[in-house]
Amino acid sequence: MESVDVEAVRRCADGAWAWVLEQVRYEPDGAWVPLTVPVSGDVPSTPPPDRDCLYDGVAGLAPVLAEIRLAREWTTAEQALADAVVARLSEAGNDDDCSLYVGLAGRLAAVALLDPGATDPLLDRLADRARPDGWPTPVFGAPSTPVNDLVLGNAGIVLTCAWLGGSRADRLTEVGAEAALAAATPAAGGLSWSMYAGDRPRVMPNYSHGTAGVATALAVAGWRLGRPDLVEAARRGAEHIVGMADMTGDGFRLPLQVPPVGGDTEPYAYGWCHGPTGTARMFGALQLAGVSEFAGRSCGEWVERAARSVRSSGLPARLRPGFWDNDGRCCGTAGVLDATLDLAQAGDPSAMEFADLVVGALLDRAEPSPQHPRHCYWRFREHRSDPPDLDPGVGWMQGAAGIAAALHRYVRVREHGRSAARVGLPDDWWSGPLTPVPA
């Protein structure tokens with residue numbers, strides 16, 4: 001394939017971030033962004049319900065600002081935005097949800113990225129909400145329902161506290177890890193965790209809502225706390241995971257759901273949330289925790305298998321209706337790009353070639369804003385809708401903010417190689433070179 005024009009990538013990343021900045025509102029009650037912006041131009045005038053969250057709320061602007069700060073000084077407007085985000089997240093928000101991607105832990109992570117000295121009040125509130133079974137969430141109705149997963153439950157909070165570090169955060173890491181141990185269920189070859197307690201007809205085993213995410217949290221917590229029992233539980237979770245994997249073509253992928261849904265739903269996904277892109281983070285976390293191998297292969301070999309399945313899947317091409325319709329970090333192209341750059345910086349000789357392919361697709365799909373042609377966004381697809389193109393998203397996991405960050409990182413890796421600085425986040429900071437980092 002032709003080489004990618006790095007300056008064109010930089011312009012696209014800058015254009016996407018400029019479009020995001022254009023969407024920021026400061027009233028009522030502080031900074032917020034809409035979930036999507038209708039192409040009709042009818043811009044939402046009221047904040048969405050989860051206005052403060054990391055997934056697609058104002059907290060999701062923090063990792064983009066952190067990414068930009070690695071490339072250049074913030075502008076006056078960006079500094080003002082960072083101050084406004086910290087002020088909003090420090091003083092407001094619904095503490096009934098303590099999760100990483102929708103609740104309090106995500107706000108804590110965002111503030112830590114922008115102003116590490118301002119985290120104590122949020123950490124206090126997270127400690128106040130802790131219970132023996134972890135943290136409450138209203139997502140499934142009654143706030144007493146224990147939720148285990150990375151996006152909405154205890155696993156994500158454990159990862160946040162372990163990432164933050166320090167004695168107070170470590171105590172909360174232990175609370176959440178103990179809750180995860182208590183929620184484990186014996187399963188074929190090891191242990192498993194459902195998304196939440198109770199009977200469910202299906203489980204989603206991958207990173208965002210399943211055993212892979214919980215095992216990752218236990219591995220990182222075991223490393224942080226010096227708890228071999230947590231690492232062993234994580235290893236047993238991984239043993240169960242690989243026992244259900246499809247390893248065709250020396251790859252590694254897990255079903256989207258078990259048992260499968262059927263119909264026109266793709267049986268396998270390949271992104272961060274439900275595919276090998278995210279689930280491979282578990283293997284890196286196990287290596288961090290000192291697990292040299294399991295199920296007959298090293299952690300590095302499992303990472304390579306996961307990457308092989310992603311690269312042989314056909315993405316980023318939209319091969320058929322419903323396949324690879326998303327370019328965001330959670331479910332699509334930007335998340336794959338970020339993980340591929342980790343592999344490139346770890347020394348995978350073929351990773352940058354695949355990163356070029358993925359970036360080329362993002363450049364091709366960027367659409368200029370009608371109001372400001374140098375600004376751009378992406379429209380994901382829903383093949384069952386007419387028309388199929390969705391309104392452009394704004395935020396971190398499903399919008400232009402997250403895509404802009406991935407493109408900026410690509411430019412930095414192209415310019416600085418394996419030594420390029422990296423923004424570490426609660427659910428991925430150990431990725432990259434598969435060697436443990438100092439405690």
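**View 1. Helix α6 and the glycine that follows it.** Just after helix α6, G165 takes a positive phi of about 75°; helices here are DSSP runs of H or I with at least four residues, strands are DSSP runs of E with at least two, and both are numbered from the N terminus. The model is predicted, so local features need pLDDT of at least 70 and side-chain atom pairs count only at pLDDT 80 or more, while totals for chains, interfaces and linings use all residues. Residues are numbered from 1 along each chain as its sequence is written, and side-chain values use heavy atoms, with hydrogens and water left out. Helix α6 spans residues 154–164 and is largely enclosed by the rest of the structure, because 10 of its 11 residues are buried, where buried means under 20% relative accessible area, exposed over 50% and partly exposed in between, with a 1.4 Å probe and protein chains only. Among the buried residues of α6 are N154, I157, C161 and W163. The buried residues of this helix pack against α4 (104–114), α5 (120–129), α7 (167–183) and α8, and contact means heavy atoms within 4.5 Å.

View 2. A search of the whole structure finds 0 disulfides, a disulfide being a pair of cysteine sulfur atoms within 2.5 Å. C161 is in no disulfide, and the nearest cysteine sulfur, that of C98, is 9.9 Å away. The sulfur of C12 has its closest cysteine sulfur in C376, at 4.0 Å, which is too far for a bond. Both cysteines are hidden: C12 counts as buried at 9% relative accessibility, and C161 counts as buried at 0%.

**View 3. The largest nonpolar core around L407.** This core holds 147 residues, of which Y101, F283, L337, W378, L407 and Y410 touch the most other members; a nonpolar core is a set of buried Ala, Val, Leu, Ile, Met, Phe, Trp, Tyr and Cys residues joined through side-chain atoms within 4.5 Å. Helix α14 (residues 400–416) gives the most to this core, with 10 residues. Leaving aside neighbours within four places in sequence, L407 is in contact with V9, C12, A13, L337, V359, L362 and W378.

View 4. F294 lies in strand β3 (residues 293–294) and is buried, with a relative accessible area of 3%. Apart from neighbours within four places in sequence, F294 has contacts that include R235, V242, F283, L286 and W302.

**View 5. The largest cavity.** About 250 Å³ of space lies in the largest cavity. On a 1 Å grid over the protein atoms alone, a cavity is a set of points where a 1.4 Å probe fits but cannot get out, a pocket is an open set with protein on both sides within 12 Å along at least five of seven lines, and lining residues have an atom within 4 Å of a point. Grid points are joined across faces, edges and corners, and a volume is the space filled by probe spheres set on the points. Of the 20 residues that line this cavity, T277, A280, V303, A339 and L343 are the closest to its centre. Helices α10 (276–288), α11 (299–312) and α12 (333–345) each supply at least two residues of the lining.
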